[in-house]
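The following account leads the reader through a single protein chain, from its overall architecture to individual residues. Please keep the sequence and the structure in view while reading.

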Amino acid sequence: MTADPDPGRSLVTRRAIRDLVRAAALSVYGVSGFAGGGPLGRLLERVGLAHPGLRLEIGETLTVDLQLTVAYGLPIAEVARQVDAAVRYTLHSSLGREPDRVSIRIGRLRREHGITPGVDKPRGTGTEDLAGSGTDVA
């Protein structure tokens with residue numbers, strides 16, 4: 001706490017922002033955890049000394065870099081889009097500020113119980129589906 005607090009201003013710690021981003025990313029279906037750091041990084045994360053897979057740059061700009069582990073068989077682009085939306089929404093609603101950039105990299109795929117890979121259907125011309133649905137095909 002400063003000696004001369006500014007009225008109407010709040011101080012948010014880096015740890016609080018990190019916890020918000022972490023909770024937002026892990027709340028998305030298909031995200032298994034954070035990747036990066038290897039076994040040593042995971043050990044340091046459990047002890048609380050490191051946070052592999054999550055990097056923040058706070059200053060004039062707010063930048064979030066994530067390296068995630070995603071469940072195998074899910075559409076990776078859709079999971080990444082939902083993580084981006086969740087992080088932006090959480091920071092905007094909590095801090096009143098959206099990040100200037102959110103970078104998401106998928107570091108690993110993990111086979112999860114209960115999530116089965118999608119089965120590819122044979123591809124046709126595509127008009128069979130439209131004709132069967134009652135949609136006018138021009």
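From the N terminus on, the elements of the protein chain follow the order α-β-α-β-β-α-β-α. The model is a predicted one, and every value given below is computed from it.

Of the 138 residues of the protein chain, 26% count as buried. The chain exposes about 9,800 Å², and carbon and sulfur atoms supply 53% of that area. As for contacts between residues at least 6 apart in sequence, 69% join residues at least 24 apart.

The largest nonpolar core comprises 22 residues, of which Val21, Leu66, Val83 and Val87 touch the most other members. At least two residues of this core come from each of the following elements: helix H1 (14-26), strand E1, strand E2 (54-58), strand E3 (62-71) and helix H3 (76-95). Strand E3 gives the most to the core, with six residues.

Which residues does Val87 contact, once its neighbours within four places in sequence are left aside? They are Val21, Ala24, Ala25, Leu66 and Val102. Two of these partners, Val21 and Leu66, are named with Val87 among the core residues that touch the most other members.

Helix H3 also holds Thr90. Is Thr90 buried or exposed? Its relative accessible area is 18%, and Thr90 therefore counts as buried, given that the cut-off for burial is under 20%. Residues up to four places away in sequence not being counted, Thr90 touches Leu20 and Ala24. Ala24 is also one of the contacts of Val87.

Attention now turns to strand E1, which spans residues 31-34 and includes Val31. With a relative accessible area of 10%, Val31 lies under the 20% limit and is therefore buried. Its contacts, leaving aside neighbours within four places in sequence, are Ala25, Leu26, Leu68, Thr69, Val79 and Val83. Val83 is one of the core residues that touch the most other members, and Ala25 is a contact of Val87 as well.

Val31 and Leu109 are separated by 78 residues in sequence, while the distance between their C-alpha atoms is 9.4 Å.

Notes: Residues numbered from 1 in each chain as written. Predicted model: local features only at pLDDT ≥ 70, side-chain atom pairs only at ≥ 80, totals over all residues. Heavy atoms only, no water. Helix = DSSP H or I, 4+ residues; strand = E, 2+ residues; numbered from the N terminus. Buried < 20%, exposed > 50% of the residue type's maximum accessible area, 1.4 Å probe, protein only. Contact = heavy atoms within 4.5 Å. Core = buried A, V, L, I, M, F, W, Y, C linked by side-chain atoms within 4.5 Å. Areas by Shrake-Rupley, 256 points an atom, 1.4 Å probe, with all protein chains shown as cover.
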